[in-house]
Amino acid sequence: MNPPPFPGVEPTETRVGIGYDCHRLAAGRRLVLGGIPIEAEKGLLGHSDGDILLHAITDAMLGAATQGDIGELFPPSDPQWEGADSSVFLRHAAELLTGYGWRVVNVDAVVIIERPRLLPHRDRIRQNIASLLGIEASAVGLKAKTGEGVGPVGSGELAEAHAVVLIARQETPRLM
């Protein structure tokens, strides 16, 4: 057996998951990203609160642990999820991971939206995601991009989010 690559550091099983979500933008809807309400002319149209960022992160977590996807756990056809706060989905996914012996190491995400600018909100969003997952804000990366005026994102009709999550095996799994 080969020694660990770094003396004193034991190797840990890790997995990576990717997530994606998009929703149309519509007048009369609230814009919520990463669980944070943001002042905007349009909000995300969805069965729940439409938080594409939390949806993408939730899917990435579930994918890394091979536990399906957000649509399986919280189907849009189920009326109980209408208008639901997407942090419920993220916390449930985190509890599932813990139950199967995994923990979130870090999150990296990109939101693609033409307006509003997200930079003024980035730190609050990162802090909220970290708090929901029980990790440090320094373990949550968030970038914002625009559609450069091209396509449905660029014309302000759509917003998208992509996420990558790294999970690691915990010392003692708690079986569900």
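Begin by selecting helix H1 and helix H3 (residues 87-99), which are roughly parallel to each other because angles under 35 degrees count as roughly parallel, over 145 as roughly antiparallel, 65 to 115 as roughly perpendicular and the rest as oblique. Their packing angle is about 15 degrees, and their axes are 9 Å apart; here axes are lines fitted to C-alpha atoms, for helices over the stretch in contact, and angles run from 0 to 180 degrees between N-to-C directions. The labels follow DSSP runs numbered from the N terminus, with helices (H or I) of at least four residues and strands (E) of at least two.

This is a predicted model, in which local features need pLDDT of at least 70 and side-chain atom pairs count only at pLDDT 80 or more, while totals for chains, interfaces and linings use all residues. Residues are numbered from 1 along each chain as its sequence is written, and side-chain values use heavy atoms, with hydrogens and water left out.

Stay with this helix pair and note that the crossing of H1 and H3 is left-handed, a term used if the near helix is turned anticlockwise from the far one by less than a right angle, whereas clockwise makes it right-handed. Now show the side chains where the two helices are in contact, meaning heavy atoms within 4.5 Å: Leu54, His55, Ile57, Thr58, Met61 and Leu62 in H1 meet a set in H3 that includes Phe89, Leu90 and Leu97. Sorted by class, this contact has ten nonpolar, three polar and no charged residues, where Ala, Val, Leu, Ile, Met, Phe, Trp, Tyr, Cys and Pro count as nonpolar, Asp, Glu, Lys and Arg as charged, and the others, Gly among them, as polar.

On the H1 side look for Leu53, Leu54, Ile57 and Met61, which meet Ile125, Ile129, Leu132 and Leu133 in H4. This contact has eight nonpolar, no polar and no charged residues.

What does H1 lie across? Select strands E1, E4, E5, E6 and E7 (158-169), for H1 lies across these strands and runs at about 155 degrees to E1.

With the strands on display, trace the open sheet of five strands in the order E4-E1-E7-E5-E6, which has mixed pairing; two strands pair if DSSP finds at least two bridges between them. Strand E4 (42-44) and E6 stand at the edges, and each has a single partner strand, so one side of each is left without a neighbour in the sheet. From one strand to the next, the twist averages 25 degrees.

Walk along that order, starting with strand E1 (residues 14-27), which pairs with E4 in the antiparallel sense over three bridges; Leu25 has Leu44 in E4 as its bridge partner, and Ala27 has Lys42. Moving on, E1 is joined to E7 by eleven bridges, and these two strands run antiparallel, with Val165 in E7 as the bridge partner of Gly17. E5 and E7, also antiparallel, are joined by ten bridges, and here Asn106 stands opposite Leu166 in E7.

At the end of the walk, strand E5 (residues 102-112) and strand E6 (residues 140-145) run parallel and are joined by six bridges. Ala109 stands opposite Leu142 in E6, and Val110 has Lys143 as its bridge partner.

For the last stops, select the loop between E5 and H4, where Pro116 lies; the peptide bond from Arg115 to Pro116 is cis, with omega near 0 degrees. Then move to the loop between H1 and helix H2 (70-73), the place of Thr66, which has a positive phi of about 50 degrees although it is not a glycine. Most residues other than glycine have a negative phi, and most peptide bonds are trans.
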